[in-house]
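Here are a few friendly notes to read with the model open beside you. Take the points in order and find each residue as you go.

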Amino acid sequence: MCNCPVETAKNATISVIVPVYNGEDTLRVCLGSIEKACPRPDQVIVVDDGSTDRSAHIAQEMGFKVISTAGRTGASNARNLGARHAIGDVLLFVDADCSVKQDVIGRVRSLVENHTDTDAFVGSYDDAPTAKNMLSQYKNLLHHLTHQMSAPEGHTFWGACGVIRRAAFEQLGGFDRRYSKASIEDIELGYRIKAAGGRILVCPELQVKHHKEWRVRSLLWTDVFRRALPWSELILQRGKMEDGLNIDRDRKSTRLNSSHANISYAVFCL
């Protein structure tokens with residue numbers, strides 16, 4: 001039960017959308033963290049994308065609304081389906097292998113209300129991933145470092161912890177359904193947001209914990225075939241490369257704390 005103070009005014013309404021495919025290993029942790037959010041979101045939608053494990057049952061047992069895609073259709077379609085059932089004027093997408101911090105909804109409300117000229121916001125992994133093998137530490141901490149040191153203005157969206165105003169999402173037609181597997185559908189959406197004159201803000205303080213365990217095969221397959229190749233094709237189609245979410249070496253960050261030591265240790269041991 002949320003024991004935080006009752007808000008005195010009606011703020012931005014927030015729908016949390018969690019797409020899942022065979023995510024029973026992490027989904028309970030993900031939804032448990034959302035359940036503990038204070039204040040609570042106005043709505044939580046779990047979209048089961050044809051799972052063959054107990055993902056849908058876990059979400060239902062925990063009391064969450066579950067929508068089914070009636071078969072494996074891909075992360076883009078699952079997120080779009082969740083958005084069509086959303087009641088909030090702000091959509092918060094969270095991956096099923098991530099857990100949120102208790103203040104996530106308060107942070108999102110603060111962001112959308114204090115940056116009225118901004119259409120979307122992207123967060124960051126924290127610096128304490130749960131998978132302890134060196135490859136997982138390296139991958140997750142490198143991602144954390146990149147987002148922590150990125151320039152504030154972003155050019156890409158991020159589906160793991162991404163916030164977008166529903167009006168903008170609907171106007172753009174949501175995620176591109178041609179990406180039938182989890183790939184660069186969030187990057188492509190970010191490009192369309194910018195092309196339409198929208199603004200994306202990188203928010204290092206909006207953090208989630210990543211629970212995915214990376215192995216050599218899964219990492220190479222994802223980075224090469226699900227990210228690098230389709231992203232290269234997208235860049236060729238657009239005729240230019242954006243530098244959003246690349247490390248800005250001229251920017252001094254005071255938010256990294258133990259990240260420097262953790263990342264250096266992971267890279268050294270790798």
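Predicted model: local features only at pLDDT ≥ 70, side-chain atom pairs only at ≥ 80, totals over all residues.

1. The structure has 6 aromatic pairs.

2. Look at F93 and F175. Their ring centres are 5.4 Å apart and their planes meet at 80°, so this pair counts as edge-to-face; the cut-off for that label is over 60 degrees. F93 belongs to strand β4, while F175 sits in the loop between α6 (166-172) and α7 (185-195), so the pair ties together parts that are 82 residues apart in sequence. Both F93 and F175 are buried.

3. Now turn to F157 and F175. Here the ring centres are 6.2 Å apart with planes at 50°, so the pair is tilted. F157 lies in the loop between β7 (153-154) and β8, and F175 in the loop between α6 and α7, so this pair ties together parts that are 18 residues apart in sequence. F157 is buried, as is F175.

4. Elsewhere, the charged end of R72 sits over the ring of Y21, at 3.6 Å from its centre.

5. Finally, which residues of helix α4 (residues 104-114) are buried? They are V104, I105, V108, R109, L111 and V112. These residues cover an arc of only 160° around the axis, which puts them on the same side of α4. An α-helix has 3.6 residues a turn, so residues three or four places apart point the same way. Among the elements covering the buried residues of α4 are β1 (14-20), β4 (90-94) and β9 (200-210).

Note on methods
Residues numbered from 1 in each chain as written. Heavy atoms only, no water. Buried < 20%, exposed > 50% of the residue type's maximum accessible area, 1.4 Å probe, protein only. Helix = DSSP H or I, 4+ residues; strand = E, 2+ residues; numbered from the N terminus. Arc of directions from axis to C-beta. Contact = heavy atoms within 4.5 Å. Phe/Tyr/Trp six-rings, centres within 6.5 Å; stacked < 30°, edge-to-face > 60°. Lys NZ or Arg CZ within 6 Å of the ring centre and 35° of its normal.
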